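This report describes the structure shown below, from its overall make-up to selected local features.

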Amino acid sequence: MTKDELVEEDSFSGKDYLDPPPVKTFEAKELKKWSFYRAVIAEFIATLLFLYVTVLTVIGFKSQTDRESGGGACASVGLLGISWAFGGMIFILVYCTAGISGGHINPAVTFGLFLASKVSLVRALSYMVAQCLGATCGVGLVKAFQPSYYNRYGGGANMLSDGYNVGVGVGAEITGTFVLVYTVFSATDPKRNARDSHIPVLAPLPIGFSVFMVHLATIPITGTGINPARSFGAAVIYNNQKAWDDQWIFWVGPFVGAAIAAFYHQFVLRAGAMKAYGSVRSQLHELHA
């Protein structure tokens, strides 16, 4: 269906917004376009910068609160500062890369958008690889610049905190990622942009703020993953057995949370299931007419 036909159909149905057509699952033509590789590079660099700044913040917090080294609770940025670092970097990087790659910077976000047919399988897998490589390089830079502090203060690796069981950790990651991916869908929804045009919404702002809020809630439980690339990159460079033992939590939780958010937004809020049912019913009616 052409763009003109889409506009005509939407005008006929009274819609005041235009939904982009679903992206094909297999879109091999992308591999021949420079814009595709430019987007993959943007995801790599953005995730590298994200991990570099945020892991440095985490290590700085731990070093400043280390009483054995003369630190104290009031000498650091605190958990609030760490949350701001993660949320603020997402705001900045999504703003910088949204027009190039979509500003995913997170395999869970990419997975959710893939399930909603907003990116192809080729692009989704390429983004995830770039994000994981970027995260690993970003943490590697932190270790290269501050090796003693890095090894002494845990390398910013995600691990399930003492006193919490696996179910709580997985639940925290599922819920936290749901909040993030749900915000991504809502902030970029063409229907919202059309009908709430009187409310100026800069999409990276609510997305970054959702990351900030989730970190406030879940840092004490898992250190807050909600981003498999962030957890993977830190685990690779720190290479601690507990970080690897808990690694599955930071993949299963975010992917499940992203899938639930995609389903909720597309099939409940946007009534995707009813639209699909109506389309099938209309086609069957035409066949019997």
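## Basis of the model

This is a predicted model, in which local features need pLDDT of at least 70 and side-chain atom pairs count only at pLDDT 80 or more, while totals for chains, interfaces and linings use all residues. Residues are numbered from 1 along each chain as its sequence is written, and side-chain values use heavy atoms, with hydrogens and water left out.

## Overall architecture

The protein contains 13 helices and zero strands. Helices (H or I, at least four residues) and strands (E, at least two) are DSSP runs, numbered from the N terminus.

Of the 289 residues, 45% are buried, where buried means under 20% relative accessible area, exposed over 50%, and partly exposed in between (1.4 Å probe, protein chains only). The protein exposes about 14,900 Å², of which carbon and sulfur atoms supply 65%; these areas come from the Shrake-Rupley method with a 1.4 Å probe, and for residues only the protein chains shown count as cover. Among contacts (heavy atoms within 4.5 Å) with a separation of 6 or more, 78% join residues 24 or more positions apart.

## Helix H4 and its packing

Helix H4 (residues 107-115) packs against helix H12 (residues 249-269) at an angle of about 35°, with the axes 8 Å apart. Axes are lines fitted to C-alpha atoms, for helices over the stretch in contact, and angles run from 0 to 180 degrees between N-to-C directions. On the H4 side, Pro107, Ala108, Phe111, Gly112 and Leu115 take part, meeting Pro254, Phe255, Ala258, Ala259 and Ala262 of H12.

Buried residues of H4 include Pro107, Val109 and Leu113. The buried residues of this helix pack against H5 (121-145), H7 (166-187) and H10 (228-238) as well as H12. Just after H4, Ser117 adopts a positive phi of about 60°.

## Two individual residues

Thr222 belongs to helix H9 (residues 204-222) and counts as buried because its relative accessibility is 0%. Leaving aside residues up to four places away in sequence, Thr222 touches Asn158, Met159, Leu160, Ser161, Gly169, Glu173 and Phe250.

Ile41 lies in helix H2 (residues 34-64) and is partly exposed, its relative accessible area being 45%. The C-alpha atoms of Ile41 and Gln131 are separated by 9.3 Å, although the two residues are 90 residues apart along the chain.
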